[in-house]
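Hi everyone, thanks for making time today. I'd like to walk you through a structure that may be new to you, so please have a look at it with me.

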Protein chains: 2
Amino acid sequence: MSDESAIIAANAAFYAAFAAGDFTALAVLWADGDGISCIHPGWPPIVGRAAVIGSWRDILSNPARPQIVCAEPHAIIDRDHGHVVCIELVDGVALAAANHFARVGSAWRMIHHQSSPIAQLATSADGSDGHSLH
Amino acid sequence: MSDESAIIAANAAFYAAFAAGDFTALAVLWADGDGISCIHPGWPPIVGRAAVIGSWRDILSNPARPQIVCAEPHAIIDRDHGHVVCIELVDGVALAAANHFARVGSAWRMIHHQSSPIAQLATSADGSDGHSLH
């Protein structure tokens, strides 16, 4: 399997674990140790295994958690690290996400996840789109 | 200089270039080639040097661009890659950001930037905070 296929598969496994509510499967996808971080939508950054994995435990334990579908994954790989940018459809609303992975032995393990809302695109009078300027 | 100091310095140079409106300085901080990506607040992911660097050119050319101050940078380094999570104060409003770097020769060059709004924290009736559940 190419690195690109492997990292796309690891990314898919992350969303499959979320969809299944499988905390154990999700936790093992993340790298061991405290060199991991996460920025959930609307959250400040959280760092370290206890905080990051704990946040996912809390989210997965919520029966009202949303359904998330990953679309348009695109992998970028450089040596022993890679990341996948994608669209998350969260109960039908589009978010922009990046999932970063490090090679650990023969596996790709997550080291950072960030997901953030995509603004409603609206064509303004001057023809520009609705993107904010940072 | 330790890797941690170097990556924190590269992160600071990114915000200094933005504050100065120095497009050339900002562009050279990014890695060459198309293995770079960016998710601006409210934007979908953009990939490749033309799209990413072009977006920064557009942002820096806007005289009404906001002031951004980086606070609480925290570096995580693993071999030839590292990332800094931090708070961006954008005209006084807090965003959560991650800046990812790859070692290129003796320098750390940016390969991904993502910045996203932090929700207003409000204590709800059940005592939980205002974080969204993903």
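This is a predicted model: local features need pLDDT of at least 70, side-chain atom pairs count only at pLDDT 80 or more; totals for chains, interfaces and linings use all residues.

Let's begin with chain A. Its secondary structure comes to three helices and six strands. If you follow chain A from the N terminus on, the elements run α-α-β-β-α-β-β-β-β. Chain A has 134 residues, and 48% of them count as buried. Its accessible surface is about 5,800 Å², with 57% of that belonging to carbon and sulfur atoms. And if we take the contacts in chain A with a separation of 6 or more, 43% are between residues 24 or more positions apart.

Now please turn to chain B, where I'd like to show you the sheet. In what order do its six strands lie? The order is 2-1-6-5-4-3, in an open sheet with mixed pairing. At the edges of this sheet in chain B are strand 2, residues 46–47, and strand 3, residues 68–78, each of which pairs on one side only. The partner of strand 3 of chain B is strand 4, residues 81–90, and the two run antiparallel over nine bridges. You can find one of these places by looking for B:D78, whose bridge partner in strand 4 is B:H81. Helix 1 of chain B, residues 3–20, packs on the sheet and touches strands 3, 4, 5 and 6 of chain B. The direction of helix 1 makes about 150° with that of strand 3 of chain B.

So much for one chain; how do the two copies relate?

Last stop: A:R103, which you'll find in strand 5 of chain A, residues 93–104. Is A:R103 buried, partly exposed or exposed? Its relative accessibility is 23%, so A:R103 counts as partly exposed. Leaving aside residues up to four places away in sequence, A:R103 touches A:D3, A:R79, A:D80, A:W108 and, from the other chain, B:R79. With A:D3, the side chain of A:R103 makes a polar contact of 3.1 Å. A:R79 is 24 residues from A:R103 in sequence, and their C-alpha atoms are 8.7 Å apart.

Terms used:
Residues are numbered from 1 along each chain as its sequence is written. Chains are lettered from A and ligands numbered from 1 in the order in which they are written. Side-chain values use heavy atoms; hydrogens and water are left out. Two strands pair if DSSP finds at least two bridges between them. Helices (H or I, at least four residues) and strands (E, at least two) are DSSP runs, numbered from the N terminus. Contact means heavy atoms within 4.5 Å. Axes are lines fitted to C-alpha atoms, for helices over the stretch in contact, and angles run from 0 to 180 degrees between N-to-C directions. Buried means under 20% relative accessible area, exposed over 50%, partly exposed in between (1.4 Å probe, protein chains only). Accessible areas come from the Shrake-Rupley method with a 1.4 Å probe; for residues, only the protein chains shown count as cover. A polar contact is a pair of N or O atoms within 3.5 Å; within protein, one must be able to donate a hydrogen and the other to accept it, and residues adjacent in sequence count only if both atoms are side-chain atoms.
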